[in-house]
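Okay, thanks for coming, everyone. I'd like to walk you through one model today, so let me put it up on the screen.

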Amino acid sequence: MKNARIWFKKQDECIYISHLDLNRCMLRALHKSSLPIWHTEGFNPHPFATFALPLSLGFAGENESMDIRLLDDDYPFEKIITDLNACLPKGIRAFKVTEPVMKPGDIAYADFKMLLSCDSVSNDMLLNICNELFNMDEILIDKKGKKGVKQVDLKPSLVKYTLERQIGGVELNITLPAGSTNNVNPNLILNALKKYYDLIVDADTTRLNIYNENFEEFK
Amino acid sequence: MINKDVKKLLLKVQKPGRYVGGELNAVVKNKEDVDIRFAFCFPDTYEVGMSHLGMKILYSLFNSKDYIWCERVFAPWLDMEQLMIENNIPLYALESGDPITNFDFIGFTLQYELSFTNVLNMLKLANIPILSKDRKNLNQIVVAGGPCACNPEPIADFIDIFFIGEGEEVDLEVIDLYRKCKNENKTKAEFLRLASQIEGVYVPSLYDVTYNDDLTVKAYTPKENAPAVIHKRLMMDMDDCYYPDNFVVPMVEIVHDRAVEEIFRGCIRGCRFCQAGYLYRPVREKSSETIDLQCHKLCTNTGYDEVSLSSLSSSDYSQIVHLLDKLNKWSKDEKVSISLPSLRVDGFTDDIMNKIKTVRKSGLTFAPEAGSQRLRDVINKNVMEDELLETCSVAFNGGWTNVKLYFMIGLPTETMDDVAAIAQLGQNVVNEYYKCPNRPKGKSVNVTVSTSSFVPKPFTPFQWFGQNTIEELHNKQKHLKESITTKKITYNYHDADTSYLEAVFARGDRKLCKAMEKACEKGFHFDGWGDCFSLEKWLEVFKECNIDPDFYARRQRDFDEVLPWDHLDYGVTKEHLIRECQKAYKNTPTPHCRLKCSNCGAAKYKGGVCFEKRKNLV
């Protein structure tokens, strides 16, 4: 038995399905593909698959990963890609298979690209506002967690970023804490814009990559 | 394909995955390459509509023709609908993202009466005039089929063409005729006139209706050579009948998220309340070879790990055990589980049980429908209490601890004793559990008793019956609740208000179109959902239109009254329905089709169970 990490993109129509639906969708594709993979042995046997870091509904993902266990150690990785893509909706595309090096628990940061746009102000204005927001001493916003709503300061998380005026909006590239211990959803920035400037900002958000605490790419 | 205006809304609504398409096996064609754009509309949410087998069959069938592009359209849920209206986004088809406004066909499947307002609302959302007469050109042809097309009159003013019976052949014949008329630059009127000559096509605008002084129907008079009686269409050779080898596999969870294989059409039983049992006569089975092949292919192509063997009464499949054996040959290895919905109390044997639980264990649901034997005889649900207990005992010994029992209240001749008998039957099932030596150790039993309120339907022996009042139904629910003395029985009941409205539409006539139109103006939709349904608002509409809903729901009809659906022929004769009705009131059951032919009229189709060799005769 051999562990394999399948890398895929989640885009187009498929950004609108939740993590739970993605899971179901993948299990079905694995079943249809007849890949020689290990099934759980419980009451409801199903293909074993785990995801490194769930992606919020509405976000595209460039470097998403799913771990499975191959029963056939010699099964070519290339073939996994073609087998699986034949069974997936076209918005989910596998593009690489590797042997896992890091554990999902090692994940500490994620890179996001957001194209921000707002109907009520010009893009130049939006850029100014974003810069102003990011330069505030403290950005307090409500964060919904399992234990209810608590107030957090976004400021310490806004360290590595660029803000640029682009056609159709303002492009924000930002690295945010991610993973099971401290996770900052980039949508919180939109909440902050709403709270401090009363702006309803739309965002096209893509998670570009994920990293461990030393900023090494998750492998 | 997601339209960019739609894209802006998607993150503001619940479950946006319902509005984007892009699923595995969805059919995308080049619109330049097709002659016919067909919007297949299901007048309910994505999750409900995507579970519907008829749509899957016709979607694949239409798309198998290179000149047709059939796309799916569902009713957007309240939040999305609101945003679409605010942003001027017309109802669009999932595959192309194009508004359906100028499609050639807008087709609706009518599965339940309470979806009628959604039909009109969807037309409205698509910027299509709701009245048939206001759509003057040869496009936007609004067609409808499905079980509720058996009494199409309440929506006759809105629909251009109703398909009567099974759609596989007649739908394509009409589409082909349209294509020809389009080429020849014919008018919509000419097209409709020609279409009315196709068997199974009902063009309501070609019939004049007159009424008696007491508001009952006097006569239906065909115009322009339309047939006086419209005969249903049906597929006689099920092995030869088109069946998809592929389903669109939704990405968001839907109600019935599994592969579905139809194993036969029709039902041998003849339960007197059951409309489907009469509409789909005679029983026509697929061979076990065909089922086996189709099931296997479907699972392979979709990736589903569960396949449901669908029919009105799956254990009545003549070779059910043989079939399950066949399926088990591959299903186990491929980790596919087989489920059998619509199991009859008397059809659940040890043998079947062992074969369906090989991979996964599904819940057990039985429908005795009535609590007392007398009432079961009235409705011709030929199930004995002993059989039910025996079956439950088999299940309990096999490890099941949950049983669901479905009943109806408000059936003809029902008394409060019959209602209390439901509680007693539930209690007897609980007792049976504790008699089972092999019951799961240390576990309690849970019997769920659900009641719905009886709605008399056209083409059944109870089509003349005046429905119970809402108050009577409430009293019966209350009486049943009080008759249950154990916590091991959970009692659920359906809202009686919705059943009342359903009864109005089920046996309504064309005069109701006015109310429908008004309801649409007022923005009624999703009547089948508790979120939206309001009987009060409906009663207001009826009042404004000067319509007495009791006339349709509550009135006991005479056998000689002309019924609004008398000009449609589903194969079962009115004489048979009258005979069955009279037997019902004498508590006399009728044996099922395989035991004895009761001469219902369906033998005229020259096939199916009517010509099967009966065991007791061979």
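Let's start with chain B and its two domains. The C-alpha centres of domain 1 of chain B and domain 2 of chain B are 30 Å apart. Here domain 1 is 4-231, and domain 2 is 271-280 + 340-348 + 364-587; those bounds come from an automatic or database domain assignment.

Before I go on, the housekeeping. This is a predicted model, so to speak of local features we need pLDDT of at least 70, side-chain atom pairs count only at pLDDT 80 or more, and totals for chains, interfaces and linings use all residues. Residues are numbered from 1 along each chain as its sequence is written, and chains are lettered from A, ligands numbered from 1, in the order in which they are written.

The contact between them takes 34 residues from domain 1 of chain B and 36 residues from domain 2 of chain B. By contact I mean that two C-beta atoms, placed from the backbone, lie within 7 Å. On the domain 1 side, α5 (116-125), β8 (217-222) and β9 (230-231) of chain B each supply at least two residues, and α5(B) gives the most, with six residues. Helices and strands are DSSP runs numbered from the N terminus: H or I with at least four residues for helices, E with at least two for strands. By class, that side has 21 nonpolar, seven polar and six charged residues. Nonpolar is Ala, Val, Leu, Ile, Met, Phe, Trp, Tyr, Cys and Pro, charged is Asp, Glu, Lys and Arg, and the others, Gly among them, are polar.

Now the sheets. Six strands of chain B form an open sheet in the order β2-β1-β3-β4-β5-β6, with mixed pairing; strands pair if DSSP finds at least two bridges between them. Why does β2 (68-74) of chain B have one side without a neighbour in the sheet? It stands at an edge, as does β6 (201-202) of chain B, and each has a single partner strand, so one side of each is left open. Further in, β4 (141-145) and β5 (161-163) of chain B run parallel, joined by two bridges, and B:Ala144 stands opposite B:Phe162 in β5(B). Helix α3 (residues 53-63) of chain B lies across β1 (36-42), β2 and β3 (105-109) of chain B, at about 155° to β2(B). That angle is between N-to-C directions, on a scale from 0 to 180 degrees, with axes fitted to C-alpha atoms, for helices over the stretch in contact.

The chain gets from β16(B) to β17(B) through helix α14 (residues 416-435) of chain B, a right-handed β-α-β crossover: with the strands pointing away from you, the path over the helix runs clockwise.

Last, chain A. Chain A has four helices and 10 strands, and its C-alpha trace spans about 55 × 35 × 30 Å along the principal axes. The contact with chain B takes 22 residues from chain A and 21 residues from chain B. On the chain A side, helix α1 (residues 19-33) of chain A gives the most, with seven residues.
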